[in-house]
Amino acid sequence: MMTISDRLQAVRARVAAAAVAAGRAPEEVTLLAVSKTWPAAAVREAAAAGQQAFGENYVQEGVDKIDALRELGLEWHFIGPLQSNKTRQVASAFDWVHSIDRLKIAERLSAQRDVHLPPLNVCIQVNVSGEDSKSGVAPDEVAALAHAVADLPRLRLRGLMCIPEPTGDLALLRARFAVLRTLQAELIAAGLALDTLSMGMSHDIEPAIAEGATIVRVGTAIFGERTRPEESH
Ligand SMILES: *Cc1c(COP(=O)(O)O)cnc(C)c1O
């Protein structure tokens, strides 16, 4: 029976091997442990094994864990769809939001971020697969949104995030991740100081790192298969 600590070690080894294979330093890639649907005790176990950054998809569930684990000093990333009636909770509890896809949400987060906290780190979620059903902005709308978000006083725009369609086609995945990398390079050339590409999950860590991921968001490979069905938003 593999423990969370065992699986975490295996994922760290995958990340390091993928980085080295891509000619990159393993330290360039941050492992975000996606703890959605798992109890605070599972987060505690991962934290005891040295994991520092955790990702949550559902606002109330995330805020409850943040409150329960406050003494551990962990870093919390909101990575799920965000509705405007939940921005206040996210702005006060989380350190990062990866899923910005509308200016209105970014404006609310900026206005609601506590003045005593550092700016909220944010990424813009891009729909790299062109699917109607997926959240994220279209690639040709990223630049306008990025410049508007970068001007908001209580946010710090760090980069871009994507969730490609599930596929075992490695070449297709690399092409999707390359779209994000190229967009990021264009934004940097246009003067934005970005340092984050949030891409890659349990099944596609390697192609994401090959295309420049700086944060991989990994749930299943660390905590196991989720039994609670994903809620739809
Ligand atoms: C659930 C989720 C992940 C983690 O997915 P796994 O396949 O379990 O690694 C990463 N990113 C987002 C946005 C998610 O919702």
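**Entry 1: Gln51**

I started with Gln51, which is in contact (heavy atoms within 4.5 Å) with Leu8, Arg12, Leu31, Leu32, Ala33, Ala46 and Leu74, once its neighbours within four places in sequence are left aside. Before going on I noted that this is a predicted model, where local features need pLDDT of at least 70 and side-chain atom pairs count only at pLDDT 80 or more, while totals for chains, interfaces and linings use all residues. I also noted that residues are numbered from 1 along each chain as its sequence is written, and that side-chain values use heavy atoms, with hydrogens and water left out.

Where does Gln51 lie? I found it in the loop between α2 (40-48) and β2 (53-56); helices (H or I, at least four residues) and strands (E, at least two) are DSSP runs, numbered from the N terminus. Gln51 has 5% relative accessibility, so I count it as buried. For my own reference, buried means under 20% relative accessible area, exposed over 50%, and partly exposed in between (1.4 Å probe, protein chains only). The side chain of Gln51 reaches the backbone oxygen of Ala53 at 2.8 Å.

**Entry 2: helix α3 and Lys65**

Next I looked up helix α3 (residues 59-68), whose buried residues are Val59, Glu61, Gly62, Val63, Lys65 and Ile66. The cover over these buried residues includes α2, β2, β3 (75-78) and α4 (87-93).

The side chain of Lys65 makes one with the side chain of Glu61 at 2.7 Å, and another joins the side chains of Lys65 and Glu56 at 2.8 Å.

Not counting residues up to four places away in sequence, Lys65 touches Ser35, Lys36, Thr37, Trp38, Ala40, Val43, Glu56 and Trp76.

**Entry 3: Thr37**

Thr37 has a positive phi of about 75 degrees although it is not a glycine. Most residues other than glycine have a negative phi. Thr37 is placed in the loop between β1 (30-34) and α2, and its relative accessible area is 17%, so it is buried.

**Entry 4: the ligand**

How many residues surround the ligand? I get 13, and the closest are Lys36, Asn57, Ser202, Thr220 and Arg226; a residue is near a molecule if one of its heavy atoms lies within 4 Å of it. By class, this shell has six nonpolar, four polar and three charged residues. Here Ala, Val, Leu, Ile, Met, Phe, Trp, Tyr, Cys and Pro count as nonpolar, Asp, Glu, Lys and Arg as charged, and the others, Gly among them, as polar.

A polar side-chain atom of Thr220 lies 2.5 Å from an oxygen atom of the ligand. For Lys36, a polar side-chain atom is 2.7 Å from a ligand oxygen. In the side chain of Arg217, an N or O atom is 2.9 Å from a nitrogen atom of the ligand. Taken alone the ligand exposes 390 Å², and the protein buries 91% of that; the areas come from the Shrake-Rupley method with a 1.4 Å probe.

**Entry 5: Asp195**

I found Asp195 in the loop between α7 (170-189) and β7 (196-198). With 37% relative accessibility, Asp195 counts as partly exposed. The side chains of Asp195 and Thr196 are joined by a polar contact of 2.7 Å. Residues up to four places away in sequence aside, Asp195 touches Arg156, Arg158, Gln184 and Thr214. Its C-alpha atom is 6.0 Å from that of Gly159, 36 residues apart along the chain.

**Entry 6: cysteines**

Last, I searched for disulfides (pairs of cysteine sulfur atoms within 2.5 Å) and found zero. Cys123 is in no disulfide, and the nearest cysteine sulfur, that of Cys162, is 11 Å away. Cys123 is buried at 0% relative accessibility, and Cys162 is buried with a relative accessible area of 0%.

Terms used
Polar contact = N/O pair within 3.5 Å; in protein donor to acceptor, adjacent residues only side chain to side chain.
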